[in-house]
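Q: I am new to this structure and would like to go through it step by step. Could we look at it together?

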Amino acid sequence: MLKIHFGKLPDEIYNTEVYYANQYDRMWVMDDFAKRIIADIDDSKVVAPDLIQNDIFGSFDSTELSAGVKTLLLIRNRPNRIFNISNCGDNCAKYLLELAENKDIKVCLHHLMDFGKNFSVKVINDKRRKVVSDPMEYLMLADQYLRGEADEG
């Protein structure tokens, strides 16, 4: 399940682009999931381990992928870390949910991400650890925690 903490955590990796640049493995782009997200989110094709092709930008290496793709690759390959998914656009939401289908993934979110109408996430800001699948409830919790009005006790 995708476990979301709204706001900052002490052990959060906030700047995923810098972390990716220092931690990535060029083979990360070679699996089917990576190729699929790179095609969908960055409209690019993986040609080789560190060679990505785009009709507009030409050839580039994986350090030049979008912040969203880098964050998804980090979550997939470093699942025990807590990453800031505010570096991802809403186009990454379905892939975040997909990654969390078979294992728990804990992330931080500093804005309201659109997960669509059919989703289930666990908001972990308070001790209740509330599972949310209603978009309006998700919106209200996000607003409450991001504005700092909730007691995180």
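Q: Where does Asp43 lie?
A: This is a predicted model. In it, Asp43 lies in the loop between α2 and β3.

Q: Is Asp43 buried or exposed?
A: Asp43 is exposed, because its relative accessible area is 61%, and the cut-off for exposed is over 50%.

Q: What is the phi of Asp43 near?
A: The phi of Asp43 is near 50°, which is a positive value in a residue other than glycine. Most residues other than glycine have a negative phi.

Q: Let us turn to helix α2, then. Which residues of α2 are buried?
A: Helix α2 covers residues 32-41, and its buried residues are Phe33, Ala34, Ile37, Ile38 and Ile41. Seen down the axis of α2, these residues fall within an arc of 125°, so they line one face of the helix.

Q: Why would residues three or four places apart point the same way?
A: An α-helix has 3.6 residues a turn, so residues three or four places apart point the same way.

Q: Now another helix. How far apart are the end C-alpha atoms of α5?
A: The end C-alpha atoms of α5 are 16 Å apart. The helix has 12 residues, 135-146, and at 1.5 Å a residue it should span 16 Å, so the two values agree.

Q: Which residues of α5 are buried?
A: Tyr138, Leu141, Ala142 and Tyr145 are the buried residues of α5. Viewed down the helix axis, they fall within an arc of 100°, so they line one face of α5.

Q: What covers those buried residues of α5?
A: The cover includes the strands β1 (2-6), β7 (105-109), β8 (121-123) and β9 (130-132).

Q: Which residue with a positive phi follows α5?
A: Gly148 follows α5, and its phi is positive, near 75°.

Q: What about the surface? Which residues make the nonpolar patch?
A: Leu112, Met136, Leu139 and Met140 make a nonpolar surface patch of about 370 Å². Of these, Met140 has its place in helix α5.

Q: Changing topic: how many salt bridges does a search of the whole structure find?
A: The search finds 8 salt bridges. One of them joins the side chains of Asp104 and Lys3, at 3.4 Å from N to O. This pair links distant parts of the chain, as Asp104 is in the loop between α4 and β7, Lys3 is in strand β1, and the two are 101 residues apart.

Q: What does Lys8 form with Glu12?
A: Lys8 forms a salt bridge with Glu12, with the closest N and O atoms 3.8 Å apart. Lys8 is exposed at a relative accessible area of 54%, whereas Glu12 is buried at 8%.

Q: And how far apart are the closest N and O atoms of Arg147 and Asp143?
A: They are 2.4 Å apart, in a salt bridge between Arg147 and Asp143. Arg147 counts as exposed at 58% relative accessibility, and Asp143 counts as partly exposed at 31%.

Q: Two loop residues remain. Where does Leu9 lie, and what does Leu9 touch?
A: Leu9 lies in the loop between β1 and β2 (12-13). Not counting residues up to four places away in sequence, Leu9 touches Ile82, Lys106 and Cys108. Leu9 counts as buried, at 14% relative accessibility.

Q: Where is Asp90, which lies in a loop?
A: Asp90 lies in the loop between β6 (82-84) and α4. Asp90 is partly exposed, with a relative accessible area of 42%.

Q: Which residues is Asp90 in contact with, leaving aside its neighbours within four places in sequence?
A: Asp90 is in contact with Leu112, Met113 and Asp114. Asp90 and Met113 are 23 residues apart in sequence, and their C-alpha atoms are 5.9 Å apart in space.

Technical notes
Residues are numbered from 1 along each chain as its sequence is written. This is a predicted model: local features need pLDDT of at least 70, side-chain atom pairs count only at pLDDT 80 or more; totals for chains, interfaces and linings use all residues. Side-chain values use heavy atoms; hydrogens and water are left out. Helices (H or I, at least four residues) and strands (E, at least two) are DSSP runs, numbered from the N terminus. The expected span of a helix is 1.5 Å times one less than its number of residues. Buried means under 20% relative accessible area, exposed over 50%, partly exposed in between (1.4 Å probe, protein chains only). The arc is that of the directions from the helix axis to the C-beta atoms. Contact means heavy atoms within 4.5 Å. Patches are made of residues with over 30% relative accessible area and no salt bridge: like charges are joined within 9 Å, nonpolar side chains (Val, Leu, Ile, Met, Phe, Trp, Tyr) within 5 Å. Accessible areas come from the Shrake-Rupley method with a 1.4 Å probe; for residues, only the protein chains shown count as cover. A salt bridge is a side-chain nitrogen of Lys or Arg within 4 Å of a carboxyl oxygen of Asp or Glu.
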